[in-house]
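Try each task before reading the solution below it.

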Amino acid sequence: MPDTPVSLAFAGAGWVTVVHGLAAGAFDDVRVTRVASRRPDRAARRAVQVGAEPCRYDELPGDADAVVVATPPQAHRALAQRTVDAGALALVEAPLAATLADADAIVDMADRGQVAYGENLVRSPVVAEAVSARRHIGDLTFLEVRLTQGRPEGGTARTSSTWGGGALFDLGVHAIAVALLLAAPARVTSVEQARLQ
């Protein structure tokens with residue numbers, strides 16, 4: 001942690017900001033200052049919960065040192081860019097982006113140290129144990145990962161490609177991250193398009 005207090009803003013007021021709010025609350029020198037959402041009532045509700053001020057997206061980052069970008073994925077690139085242009089750090093939630101072009105732009109910002117993206121599931125004890133066990137096996141010749149999950153709440157919007165849905169919505173990105181971690185040092189050589197059935 002830096003020597004000075006850190007201020008955060010939330011771009012988005014969905015369920016994952018509850019987790020980020022609890023994490024921020026665990027540190028005396030981290031505070032949430034602003035919460036923006038497409039729905040002002042949701043921004044106001046989350047702002048009350050974390051002791052922040054509700055605002056609009058165009059008012060971010062305000063005085064925040066970093067913005068947690070937790071909106072639908074199609075808005076991630078623009079919000080990350082707005083944050084970086086204002087001199088703050090963008091912390092982008094999963095899924096990273098809705099298009100490969102947007103993902104590439106966010107990765108470029110990350111390479112310059114302006115954006116952070118973390119796959120939190122890979123730090124869970126069960127995954128750490130699985131990775132350790134896999135390392136003792138030796139080189140892999142085959143790895144298959146399967147994930148079964150129901151459709152997300154909120155209707156069909158979250159499963160559309162414009163939202164960033166499809167095979168990579170919600171937990172899908174986590175399964176891919178764990179598979180890549182288990183397969184390391186092997187690298188991806190090809191990708192086939194996956195579809196919801």
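**Exercise 1. Which residue's side chain is joined to that of Thr-17 by a polar contact of 2.7 Å?**

Solution. This is a predicted model, so keep that in mind as you go.
- Step 1: Find Thr-17 in helix 1.
- Step 2: Check its cover. Thr-17 has a relative accessible area of 0%, and buried means under 20%, so Thr-17 is buried.
- Step 3: List its contacts. Leaving out residues up to four places away in sequence, Thr-17 touches Phe-10, Gly-12, Arg-46 and Ala-70.
- Step 4: Pick the partner. The side chain of Arg-46 makes the 2.7 Å polar contact with that of Thr-17.

**Exercise 2. Which residues of helix 2 are buried, and why do they lie on the same side of the helix?**

- Step 1: Helix 2 spans residues 40-50, and its buried residues are Ala-43, Arg-46 and Ala-47.
- Step 2: These residues cover an arc of only 105° around the axis, so they sit on the same side of helix 2.
- Step 3: Recall the general rule: an α-helix has 3.6 residues a turn, so residues three or four places apart point the same way.
- Step 4: Turn to the other side of helix 2, where Val-48 and Gln-49 are exposed.
- Step 5: Identify the cover. The buried residues of helix 2 are covered by elements including strand 1 (6-11), helix 1 (16-25), strand 2 (30-36) and strand 3 (53-55).

**Exercise 3. Is Thr-33 buried or exposed, and which side chain makes a polar contact with that of Thr-33?**

Solution. The next stop is strand 2.
- Step 1: Locate Thr-33 in strand 2.
- Step 2: Its relative accessibility is 10%, so Thr-33 counts as buried.
- Step 3: Setting aside neighbours within four places in sequence, Thr-33 is in contact with Ser-7, Leu-8, Ala-52, Glu-53, Asp-63 and Ala-64.
- Step 4: Among these residues, Asp-63 has a side chain joined to that of Thr-33 by a polar contact of 3.5 Å.
- Step 5: For a view of the fold, take Pro-54: Thr-33 and Pro-54 are 21 residues apart in sequence, and their C-alpha atoms are 8.6 Å apart in space.

**Exercise 4. What is the relative accessible area of Asp-102, and what is that of Leu-143?**

Solution. Take the two residues in turn.
- Step 1: Asp-102 belongs to helix 4 (residues 100-111). With a relative accessible area of 15%, Asp-102 is buried.
- Step 2: Asp-102 touches Gln-74, Arg-77 and Ala-97, residues up to four places away in sequence not being counted.
- Step 3: Leu-143 is in the loop between helix 5 (125-137) and helix 6 (171-183). Its relative accessible area is 38%, so Leu-143 is partly exposed.
- Step 4: Together with Ile-137 and Leu-140, Leu-143 makes a nonpolar surface patch of about 270 Å².

**Exercise 5. In what order do the elements of the protein run from the N terminus?**

Solution. Now zoom out.
- Step 1: Count the elements: there are 6 helices and 6 strands.
- Step 2: Read them from the N terminus: β-α-β-α-β-β-α-β-α-β-α-α.
- Step 3: Consider burial: 38% of the 197 residues are buried.
- Step 4: Consider contacts: of those between residues at least 6 apart in sequence, 60% join residues at least 24 apart.

Key: Residues numbered from 1 in each chain as written. Predicted model: local features only at pLDDT ≥ 70, side-chain atom pairs only at ≥ 80, totals over all residues. Heavy atoms only, no water. Buried < 20%, exposed > 50% of the residue type's maximum accessible area, 1.4 Å probe, protein only. Helix = DSSP H or I, 4+ residues; strand = E, 2+ residues; numbered from the N terminus. Arc of directions from axis to C-beta. Contact = heavy atoms within 4.5 Å. Polar contact = N/O pair within 3.5 Å; in protein donor to acceptor, adjacent residues only side chain to side chain. Patch = residues over 30% accessible without salt bridge, like charges linked within 9 Å, V, L, I, M, F, W, Y side chains within 5 Å. Areas by Shrake-Rupley, 256 points an atom, 1.4 Å probe, with all protein chains shown as cover. Salt bridge = Lys/Arg side-chain N within 4 Å of Asp/Glu carboxyl O.
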